[in-house]
Protein chains: 2
Amino acid sequence: MAREATSKTHAMRALVELRKRITKGELPGGTRLFEVALAEDLQVSRTPVREAMSRLAEEGLLERAPSGGFMVRSFAYADVLDTLELRGVLEGTAARLAAERGVPEAKLREITEVVRKLDEVFGDEPGDVDFEAYSELNGQFHDALAALPGSATIERELARVKSLPFASPSAFLPNEGRLSAFRRSLAVGQEQHRELVAAIAAREGARAEALAREHALAARRNLEYIFSSEHSMVTTVPGLELVAPAEK
Amino acid sequence: MAREATSKTHAMRALVELRKRITKGELPGGTRLFEVALAEDLQVSRTPVREAMSRLAEEGLLERAPSGGFMVRSFAYADVLDTLELRGVLEGTAARLAAERGVPEAKLREITEVVRKLDEVFGDEPGDVDFEAYSELNGQFHDALAALPGSATIERELARVKSLPFASPSAFLPNEGRLSAFRRSLAVGQEQHRELVAAIAAREGARAEALAREHALAARRNLEYIFSSEHSMVTTVPGLELVAPAEK
DNA sequence: TCCGGAAAATTTGTATACATGACTGCGCCA
DNA sequence: TGGCGCAGTCATGTATACAAATTTTCCGGA
């Protein structure tokens, strides 16, 4: 998961800065981005700004306006739900294909090892979890899962979806540390990790697909909880601030 | 499905020309595209060439090279198979969500009307089909299907996948006209259209998903046939010429 | 022969001036 | 008063010169 070098070129600095502003919700959905204004603001010329915006459009954070130029993409609550649904479907497909096609021994060992390491972050006490480590390893698990079927196509599309800040597998984890019910859900998630790998190893495609879907939909439950009961937690989930507040 | 205006700007002309060359297989996968060379060839400056390449990367036909610049994306036989699988999965999801969430009366009427028009292109004789009209209406059906659940997210991702030339719902249709067995398969496809709409209307999510997946996989059967038995037909499917010939 | 490394060539990155096109608002005409 | 059209303004499209970075080439040394 090597992130692009933060600041080798002006375009990259502009890209990172713009992405930050968008995901923080500083630029509401629909906002038109003007090259000259941004160039002046970022102290570079229009050229790297264009390059940055072009890449952000590729990422899905910007849209190309019909008559040229870019605008910030609007994400309503429903769009976030559907994106999480989409991640579930794609991870389910990765799991099913891995089961159907079979997985090389090395890859299976690799993801099993990640699951083992995830076990280690749970302490003796029920709610005793190293969240930092869990988040990192959880990301590794989902990356390994995407790679299991050995399909560049699937891996690529999954990477695309997961690149949206609120669709990252670890996006909602910081929240889970807050409430004990959430903490317990981590253990449930880990159990799903284990069962998922077992299903794939046993070549049980339908079960693997169902498990992966259900696992991804834990994020949906968290999202629904935040928006219905604890709206203040919106700020704790990366990228959730860019969701249009109007359509709850 | 309004295609972009072919030639309002230099960038658009370059985009269209480059896309043509790539899908025709004139530029093999992995080919590095140099801005200056292309600019000279297309009689424009580097700026619109960059813009065109950037959009083609967004489309999935080009990849960004690690050290800057672009290269033609390689599509192996397996990648085409996986892309068709992916389209099946996404159309299945669109169908399932439409069934689960319910579809506004107007949209249901619209897609039913497309199915009705598709009926009309079948003549009295078994193999008597207006392929031109079938192809156009088939595209309309799949566009309407993508829009059924009312999810911009799903519709967008589906549009992305279908934009790859060999993943278009009508990509393999020209072939089907060649052999009588293929002609019969059109009738099978139309029956699937009908059942799919019925399943969605009846809110049968699982069935709708299965039907949509199976329907999309007809393309996979055609692909397998072409590559195993009638490799000469590769030229008759748009965009299939760009598939790397090496890996069978 | 092989490797390291520096210089040369090539390619992309950036700034900027100018051209072209889109939008706004004003005023003219019906 | 309403609508049409014509500027003027503003934003993007394009070309181009120069800078920086990457890749290639070639030479010297081990």
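First, a definition: the domain bounds I use come from an automatic or database domain assignment. On that assignment, chain A has domain 1, residues 2-72, and domain 2, residues 77-242. Their C-alpha centres lie 29 Å apart. One caution before going on: this is a predicted model.

Let's stay inside chain A for a moment. How many residues of domain 1 touch domain 2? Eight residues of domain 1 of chain A contact seven residues of domain 2 of chain A. The area buried between these two domains is about 570 Å². Carbon and sulfur atoms give 52% of that area. On the domain 1 side, α1 (10-23) and α3 (46-59) of chain A are the elements that give two or more residues. By class, that side has two nonpolar, three polar and three charged residues. Yet the rule finds zero salt bridges between domain 1 and domain 2 of chain A. Polar contacts come to one residue pair, with both partners at pLDDT 80 or more.

Now the two chains. In general, two copies of a chain are related by a rotation about an axis and a shift along it. What are the rotation and shift here? A rotation of 180° with 0.0 Å of shift along the axis puts chain A on chain B, with an RMSD of 0.0 Å. That is the relation of a two-fold axis. In chain A, the C-alpha nearest that axis belongs to E58(A), at 2.6 Å.

Do the copies meet through the same surface or different ones? The same surface, because 100% of the interface residues of chain A are also interface residues in chain B. The contact takes in 31 residues of chain A and 31 residues of chain B. About 2,700 Å² is buried between the chains, and carbon and sulfur atoms give 38% of it. Which residues of chain A lose the most area to chain B? They are R64(A), D82(A) and R156(A), together 21% of what that side buries.

Now charge. As a general point, side chains of opposite charge can pair when their charged atoms come close. Over all chains, the structure holds 58 salt bridges. Between chain A and chain B, the count is 16. Polar contacts across this interface come to 13 residue pairs, both partners at pLDDT 80 or more.

Where on chain A does this side come from? The elements that each supply at least two residues are α3, β2 (62-64), α4 (77-101), α7 (152-162) and α10 (205-216) of chain A. The largest share comes from α4(A), with 11 residues. By class, the side of chain A that touches chain B divides into eight nonpolar, six polar and 17 charged residues.

Two salt bridges to look up on your screens. R96(A) pairs with E85(B), at 2.8 Å from N to O. This pair crosses between chains, from helix α4 of chain A to helix α4 (residues 77-101) of chain B. The other is E63(A) with R156(B), where the closest N and O atoms are 3.7 Å apart.

Last stop, E58(B). Its place is in helix α3 (residues 46-59) of chain B. Which residues does E58(B) contact, leaving aside neighbours within four places in sequence? They are S54(A), A57(A), E58(A), R64(A) and R160(B). Recall that E58(A) has the C-alpha nearest the axis in chain A. For a sense of distance within chain B, E58(B) and E224(B) are 166 residues apart in sequence. In space, their C-alpha atoms are 28 Å apart.

Over to you for comments.

Definitions and conventions. Residues are numbered from 1 along each chain as its sequence is written. Chains are lettered from A and ligands numbered from 1 in the order in which they are written. This is a predicted model: local features need pLDDT of at least 70, side-chain atom pairs count only at pLDDT 80 or more; totals for chains, interfaces and linings use all residues. Side-chain values use heavy atoms; hydrogens and water are left out. Copies are superposed by least squares on the C-alpha atoms of residues with pLDDT of at least 70 in both. Contact means heavy atoms within 4.5 Å. Buried area is the accessible area (1.4 Å probe) that two parts lose on being put together, summed over both. A salt bridge is a side-chain nitrogen of Lys or Arg within 4 Å of a carboxyl oxygen of Asp or Glu. A polar contact is a pair of N or O atoms within 3.5 Å; within protein, one must be able to donate a hydrogen and the other to accept it, and residues adjacent in sequence count only if both atoms are side-chain atoms. Helices (H or I, at least four residues) and strands (E, at least two) are DSSP runs, numbered from the N terminus. Ala, Val, Leu, Ile, Met, Phe, Trp, Tyr, Cys and Pro count as nonpolar, Asp, Glu, Lys and Arg as charged, and the others, Gly among them, as polar.
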